[in-house]
Amino acid sequence: MSFFRSLSIRAKEDELMDDFSMGGEELREALKHLRRLNKIFAAPGPTLAGVEKLWKSIGRPTKLSIMDVGAGSGDVNQKLLHWADQKGIELRITLVDLTEEACEEARQLFQNEPRITVQRADVMKLPDALADIVTGSQFVHHFDGQLLIDMVTHMMRVSRYGVVINDIHRHPVSYTAVWITTRMISRNRYIRHDGPLSVAKGFTARDWQALKQQLNHDTMTYEWKPLFRYSVVIPNHRVGAIT
C-alpha cells in the first residue's frame, strides 16, 4: 500500500480481508494485531457513544440486545460490557461475522463472558428485528454505491430500534498515522495492506450526508469522534428524532 495516494474520493479497491478464499493462520494473526490497532486509535469510543445515544432515545431500558455485524473478534464490545455494568443494564451481544477465523477469535476472546454469543452468518440473510440495536464497527467502509445502501438497509431491518455505525474518517492525518503505525507494530500483510486502505475507503461528512439523502432518513445523525472516526446513528422511523 503506497504512502502517497489521493484521498479526495473513497478508494474502490478490495481489501485482502474481502477475499474469503484466503484466511487461515495469517488472518487470525491479523485479527490479533487489529485489536492492538483498535486500542491505539481508541476504536470502541464511537460505538459506545452511538449506542448510548440511541439507548437514551428509547427510554433507557434496563435490558438491551446488540448485534455487532462484521464483528471480527468483537473487541470493541468490551467497552459496551463495562458501560452496561456501570448503568445496571442487562446486556446481551451477538457477534456476527462471515469468516470462521473471526468467529474463532471472538469465541476465544470472550470464552468467559456469558453475555456474548458468536454466530457465523451473513447479515443480509438474517431475519427481521433480531436485536434492539445493530452495530457495525469499521465494517461499512467495505461497501460502496448501491451495496453500501443495501447493507445499511439490511442492518436497519435486523434491528428493532436502529443502527450504530463506527467508521473511519478519510483524512491525510489518519491515513499517515495508520500507515506508519501498521508498519511499526506488524509484518502481517493483511494489516499493512488493509489498514491504510481502510482509511482511504473511509468517509467524510459529505459522504455521510450523501448516504443520509440516499436512505431518505431525516433522523440519521453523524458526529466526528477521536481519533478520526465518525459515530453514526440511524434510528428506526418509529423511534423518532435523536438530539
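Predicted model: local features only at pLDDT ≥ 70, side-chain atom pairs only at ≥ 80, totals over all residues.
Colleague: What makes E2 and E3 a pair?

Modeller: Pairing takes at least two bridges between the strands. E2 and E3 (residues 116-120) have 5 bridges, so they pass that cut-off, and they run in the parallel sense. The chain gets from E2 to E3 through helix H4 (residues 100-109), in a right-handed β-α-β crossover.

Colleague: And what makes E1 and E2 a pair?

Modeller: Same test: with at least two bridges needed, E1 and E2 have 7, again in the parallel sense. Val 69 stands opposite Val 96 in E2. Together with helix H3 (residues 77-87), E1 and E2 make a right-handed β-α-β unit.

Colleague: How do you know that strand E2 is largely enclosed by the rest of the structure?

Modeller: Count the buried residues. In E2 (residues 90-97), 6 of the 8 residues are buried, so the strand is largely enclosed.

Colleague: Which residues of H3 are buried, and why do we say that they line one face of the helix?

Modeller: They are Asn 77, Leu 80, Leu 81, Trp 83 and Ala 84. Look down the axis of H3 and these residues fall within an arc of 160°, so they sit on one face. They pack against H2, E1, E2 and E3. On the other side of H3 you find His 82 and Gln 86, which are exposed.

Colleague: Why is the pair Asp 144 and Lys 12 called a salt bridge?

Modeller: The nitrogen and the carboxyl oxygen have to be within 4 Å. For Asp 144 and Lys 12, the closest N and O atoms are 2.4 Å apart, so the pair qualifies. Asp 144 lies in the loop between strand E4 and helix H5, and Lys 12 in the segment before helix H1, so the bridge ties together parts that are 132 residues apart in sequence.

Colleague: What makes Lys 12 exposed or buried?

Modeller: Exposed means over 50% relative accessible area. Lys 12 comes out at 56%, so it is exposed. Asp 144, at 33%, is partly exposed.

Colleague: Which parts of the chain does the salt bridge between Glu 223 and Lys 53 tie together?

Modeller: First the distance: their closest N and O atoms are 3.1 Å apart. Glu 223 lies in strand E6 and Lys 53 in helix H2, so the pair joins parts 170 residues apart in sequence. Buried means under 20%, so Lys 53, at 16%, is buried, while Glu 223, at 34%, is partly exposed.

How values were computed. Residues numbered from 1 in each chain as written. Heavy atoms only, no water. Buried < 20%, exposed > 50% of the residue type's maximum accessible area, 1.4 Å probe, protein only. Helix = DSSP H or I, 4+ residues; strand = E, 2+ residues; numbered from the N terminus. Right-handed = clockwise from strand over helix to strand, strands pointing away. Arc of directions from axis to C-beta. Contact = heavy atoms within 4.5 Å. Salt bridge = Lys/Arg side-chain N within 4 Å of Asp/Glu carboxyl O.
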